[in-house]
Amino acid sequence: MLTLKAHVFVDTNRTIAPISPLLFGGFVEHMGRCVYEGIYDPKSPNSDTQGLRKDVLDALRDQAYTIIRYPGGNFLSGYNWLDGVGPKELRPRRRDLAWQSIETNQFGTNEFMGFCKAIDTAPMLGVNMGTGDVQSASDLVEYCNAPIGTYWSDLRASHGFSKPHNVRYWCVGNEMDGPWQVGQLDAAAYGKKALEAAKMMKWQDSSIKTILCGSSNDSMATYPEWDRTTLEIAWEQVDYLSMHYYAGNKANDTASYLASAVAFERFVDTLDGTLRYVKAKNRSTHDVYLSWDEWQVWYKGDPLQGNWAEAPHLAEEIYNLEDALVVAQWLNVFLRKSHVLKIACVAQIVNVISWLHTHQNGLLKHPSYYAFKMVSNHARGESLDVLVKAPLLETKQYNAVPALDVSASFDTETQKGALFIVNRSQTDSVSTEIVWQNGKSVQVDAGWQLAGNNPKEVNTWDTPNQLVAKSISAPAVNSGGTSLILPPLSFTTLITHSV
Ligand code: AHR
């Protein structure tokens with residue numbers, strides 16, 4: 001093992017943008033065991049009076065989610081929201097075509113609102129643009145947000161909710177470019193439908209924010225033309241463009257996989273350019289930002305079809321250390337791109353493509369759970385444009401990349417800062433000198449590290465604490481610098497304050 005040398009220059013005056021709190025969001029879909037046996041399990045002794053799993057709620061609170069997207073996903077495009085409200089015994093059992101599963105509708109919009117309250121997070125709802133029409137989208141906004149006194153708001157009151165839910169964030173459909181989507185549309189048809197739906201939804205409640213479906217991922221044949229076309233049509237009625245992306249190491253090329261931040265940044269940069277282009281072309285004064293509302297590692301090949309079962313085991317990926325280091329880089333990219341990226345939701349928050357798994361009496365946390373927690377709990381204020389001078393590592397997919405992937409935040413109100421550093425090297429430590437450049441005296445208050453020897457290492461039900469974020473002793477600051485050795489395959493967070 002070698003020790004490489006690097007410098008990280010941090011200047012709290014060199015800011016990128018305020019960090020949107022909504023970057024630390026999640027996604028709940030009626031898919032597999034995310035809702036049933038995940039967040040909602042009324043038969044479990046671990047559940048509260050609403051049927052919500054208390055151990056899951058605690059873990060979600062620990063991760064400090066700020067917004068949760070619901071109810072899908074591909075599920076959304078065949079979903080009639082009316083099936084999921086009103087007396088539970090009258091709700092229909094339906095075939096969900098997206099995941100070939102049985103949907104009992106025992107959990108719906110109002111139960112989701114109760115869940116959001118329980119973990120103190122904002123709801124983000126989707127309207128069906130597959131089998132749904134613009135009228136049903138508008139009706140759902142009225143059902144959720146209008147004061148009582150009209151047909152849909154009175155229906156809500158009759159279901160036990162006289163006060164409006166005041167849902168602010170609304171996805172206008174899901175992945176409407178994908179042939180796998182129920183009711184797929186071409187870009188012009190979707191752009192027009194989304195424009196009309198968003199217009200009616202905003203006429204129902206002018207305070208809402210709408211999210212247009214962007215390309216399902218950057219390998220779609222229609223990317224980024226889909227994004228340009230739909231934006232040009234719907235621009236004035238939408239506030240965000242959605243991004244979806246799932247990463248993976250199918251080729252078992254860990255060096256390239258650990259450079260995934262390059263691909264994430266490229267995806268944001270292209271869409272950032274597309275937003276600027278459309279704003280100029282449309283001669284608009286309105287701004288549209290990015291909402292990365294599905295992101296996660298997903299490639300291990302678990303089943304995706306439920307054979308018409310209720311809550312089947314679907315896409316229950318087991319995440320290892322290298323996956324966690326990719327998640328850490330994703331979060332670094334969120335901070336580095338915070339000028340345009342304002343919402344992000346990890347897909348999904350429990351059981352389905354998730355770092356949290358339930359069984360009847362327990363909860364398993366995969367290593368990436370800790371990577372998310374380290375950032376979501378500490379990135380506050382503004383993101384900083386950190387200068388990194390680190391040796392380069394060769395990769396097949398992305399050529400040479402720096403051994404360190406870094407982001408930082410600083411909150412001028414509290415004078416607290418945070419630094420997030422991934423060492424991508426699989427073999428070498430990096431002796432790192434952090435240079436605090438703002439002229440103030442900086443102190444490191446605390447630090448955590450997630451690290452291991454083998455990129456394929458996992459937590460199991462028998463060894464659940466193999467890979468957790470461990471507290472490290474706060475390194476000293478001497479003459480404006482802090483030295484620390486970053487082990488290979490590690491993610492380190494340092495918390496600072498300036499005086
Ligand atoms: O999150 C799982 C699925 O991935 C979602 O339903 C869909 O939007 C995406 O393809």
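View 1. Gly-73 sits in the loop that runs from S4 to strand S5 (94-96); helices (H or I, at least four residues) and strands (E, at least two) are DSSP runs, numbered from the N terminus. The bond joining Gly-72 and Gly-73 is a cis peptide, and its omega is about 20°. This is a predicted model, in which local features need pLDDT of at least 70 and side-chain atom pairs count only at pLDDT 80 or more, while totals for chains, interfaces and linings use all residues. Residues are numbered from 1 along each chain as its sequence is written, and side-chain values use heavy atoms, with hydrogens and water left out.

**View 2. The barrel and the pairing of S3 with S4.** Eight strands close into a barrel, in the order S3-S4-S7-S8-S9-S10-S11-S12, with parallel pairing. From one strand to the next the twist averages 30° (axes are lines fitted to C-alpha atoms, for helices over the stretch in contact, and angles run from 0 to 180 degrees between N-to-C directions). Strands S3 (residues 25-27) and S4 (residues 67-70) are joined in the parallel sense by two bridges; two strands pair if DSSP finds at least two bridges between them. Gly-26 has Ile-68 in S4 as its bridge partner. Ala-64 lies in the loop between helix H1 (54-62) and S4. Its phi is near 55°, a positive value in a residue other than glycine.

View 3. Glu-29 places a polar side-chain atom 2.6 Å from an oxygen atom of the ligand. For Asn-174, a polar side-chain atom lies 3.0 Å from a ligand oxygen atom, and for Gln-348 the distance is 3.1 Å. A polar contact is a pair of N or O atoms within 3.5 Å; within protein, one must be able to donate a hydrogen and the other to accept it, and residues adjacent in sequence count only if both atoms are side-chain atoms. Gln-348 belongs to the loop between strand S12 (341-347) and strand S13 (356-359).

**View 4. Helix H4 and its buried face.** Trp-152, Ser-153 and Arg-156 are buried in helix H4 (residues 151-158); buried means under 20% relative accessible area, exposed over 50%, partly exposed in between (1.4 Å probe, protein chains only). Seen down the axis of H4, the buried residues fall within an arc of 100°, so they line one face of the helix; the arc is that of the directions from the helix axis to the C-beta atoms. These buried residues pack against helix H3 (134-145), where contact means heavy atoms within 4.5 Å. Tyr-151 and Ser-158 are exposed on the face turned away from the buried side.

View 5. Arg-283 is found in the loop between helix H8 (261-281) and strand S11 (289-297). Arg-283 is exposed, and its relative accessible area is 72%. A polar atom of its side chain lies 2.8 Å from the backbone oxygen of Ala-280.
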